[in-house]
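Subject: Handover of a structural model

Dear colleague,

Please find the structure below, followed by an account of what was found in it.

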Number of protein chains: 2
Amino acid sequence: LKLLQDRILKEGKVFPGNILKVDSFLNHQLDPNFIKEIGAELARRFSDQKITKIVTIEASGIAVAIMTGLELNVPVIFAKKHKSANMGSGIFNTTVKSYTRNTEFVVSLSKEYLNADDKVLIIDDFLAVGQAALGLVDIVRQSGASLTGIGIVIEKGFMDGGKLLRQQGIRVESLSVIKSFQDNQVIFED
Amino acid sequence: LKLLQDRILKEGKVFPGNILKVDSFLNHQLDPNFIKEIGAELARRFSDQKITKIVTIEASGIAVAIMTGLELNVPVIFAKKHKSANMGSGIFNTTVKSYTRNTEFVVSLSKEYLNADDKVLIIDDFLAVGQAALGLVDIVRQSGASLTGIGIVIEKGFMDGGKLLRQQGIRVESLSVIKSFQDNQVIFED
């Protein structure tokens with residue numbers, strides 16, 4: 001998506017360790033109109049599916065997911081992060097590894113809002129090693145719902161997340177795919 | 001706001017300790033069109049002000065804040081929660097007590113996105129003891145920006161948060177104010 005690539009090139013900041021910060025419009029400060037366009041494009045790419053629910057993860061997935069949900073006119077559920085498993089029979093839990101912080105956390109979602117009749121679109125801001133996305137896929141599978149695909153704003157194409165998901169036959173649509181970082185500059189795949 | 005009160009009465013769940021859960025449309029599952037209406041109403045109430053930035057706190061403030069920002073056509077900054085102060089000179093930090101969890105956490109916001117020229121509207125989903133809102137007020141004051149007011153979706157009118165903020169001369173607009181809980185039912189003011 002051209003307007004996204006332009007904005008990443010203009011405002012993104014590259015840090016050692018292949019870190020890209022887009023805090024000015026996506027991860028700390030949010031540009032509502034821009035994120036609405038991002039959401040509309042993700043919705044467009046999955047408009048051939050009869051999606052009934054969007055699933056994302058707190059916190060920075062929420063803004064993009066609600067704009068996608070606004071366009072598709074479906075509810076959005078944001079999974080919550082916890083230090084330990086949330087007890088009780090009413091909750092789906094899955095464990096996610098954080099490579100950047102070298103820790104594990106638990107992702108949970110209430111069984112009340114997801115069931116076998118749902119057709120789910122997973123939305124997230126970044127896809128890198130794919131642990132968060134794989135966690136959400138696991139929760140969708142636990143619920144018995146159909147997984148329609150995954151919509152991502154920025155994929156780090158040089159990391160394994162996208163490959164791991166696509167190898168499972170999951171449709172992954174990324175609005176921008178980064179090929180590499182060279183001299184603190186972002187190089188996109190076309 | 002009538003449509004909000006109706007939805008709270010229909011879907012809200014009251015638990016011991018004056019806990020109200022509205023997980024079906026605001027705090028876990030989100031109804032995008034409904035939250036867009038909420039955001040539009042908050043925007044309308046502050047439309048007489050020349051707001052330049054909206055400030056909220058992760059995670060459940062984000063959805064309402066971005067819809068308010070969409071209507072007012074201004075950027076939204078979501079403050080982040082941490083276990084300890086975020087070092088570095090580029091960040092505003094403030095400490096917030098959590099009464100429900102009996103802990104403290106640090107709220108941070110990058111100095112890059114807030115300055116003395118800004119006119120800020122703080123948005124949050126709930127107002128109870130007011131600690132989160134007071135933390136955001138403290139950050140806005142550190143930045144030198146003008147605080148225009150605070151927009152809240154659900155205020156627990158029987159708790160001190162609203163009083164503490166209004167005593168400081170801060171304009172607080174709450175779309176619904178709960179007077180009490182009686183027999184697990186929500187009673188609104190007027």
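B:Met159 is partly exposed, with a relative accessible area of 28%; here buried means under 20% relative accessible area, exposed over 50%, and partly exposed in between (1.4 Å probe, protein chains only). This residue sits in the loop between strand E9 (146-156) and helix H5 (161-167) of chain B, where helices (H or I, at least four residues) and strands (E, at least two) are DSSP runs numbered from the N terminus. Neighbours within four places in sequence aside, B:Met159 is in contact with B:Ala128 and B:Val129, contact meaning heavy atoms within 4.5 Å.

Please note the conventions. The model is predicted, so that local features need pLDDT of at least 70 and side-chain atom pairs count only at pLDDT 80 or more, while totals for chains, interfaces and linings use all residues. Residues are numbered from 1 along each chain as its sequence is written, chains are lettered from A and ligands numbered from 1 in the order in which they are written, and side-chain values use heavy atoms, with hydrogens and water left out.

Aromatic pairs

Over all chains, a search of the whole structure finds four aromatic pairs. Rings of Phe, Tyr and Trp (its six-membered ring) pair if their centres lie within 6.5 Å; planes under 30 degrees apart count as stacked, over 60 as edge-to-face and the rest as tilted. One of the pairs is edge-to-face and joins A:Phe158 to A:Phe181, at 5.7 Å centre to centre and 75° between the planes. It links distant parts of the chain, with A:Phe158 in the loop between strand E9 (146-156) and helix H5 (161-167) of chain A and A:Phe181 in strand E10 (residues 172-182), 23 residues apart. A:Phe158 counts as partly exposed at 31% relative accessibility, whereas A:Phe181 is buried at 16%. In chain B, B:Phe158 and B:Phe181 also form an edge-to-face pair, with 5.7 Å between centres and 75° between planes.

Salt bridges

The whole structure holds 24 salt bridges over all chains, each defined as a side-chain nitrogen of Lys or Arg within 4 Å of a carboxyl oxygen of Asp or Glu. A:Asp31 and A:Arg7 form one of them (2.6 Å, N to O). This pair connects distant parts of the chain, A:Asp31 lying in the loop between strand E3 (29-30) and helix H2 (32-45) and A:Arg7 in helix H1 (residues 2-11), 24 residues apart. A:Arg7 counts as buried, at 18% relative accessibility.

Another salt bridge joins A:Arg44 to A:Glu41 (2.8 Å, N to O). These two residues are about one helical turn apart because they are three residues apart in helix H2 of chain A. A:Arg44 is exposed at 52% relative accessibility, while A:Glu41 is buried at 13%. Both belong to a network of salt bridges that also links A:Arg45, A:Asp48, A:Arg171 and A:Glu173.

Helix packing between chains

The axes of H2(A) and helix H3 (residues 62-72) of chain B come within 8 Å and cross at roughly 110°. Axes are lines fitted to C-alpha atoms, for helices over the stretch in contact, and angles run from 0 to 180 degrees between N-to-C directions. A:Pro32, A:Asn33, A:Ile35 and A:Lys36 in H2(A) meet B:Ile66, B:Gly69 and B:Leu70 in H3(B).

Kind regards
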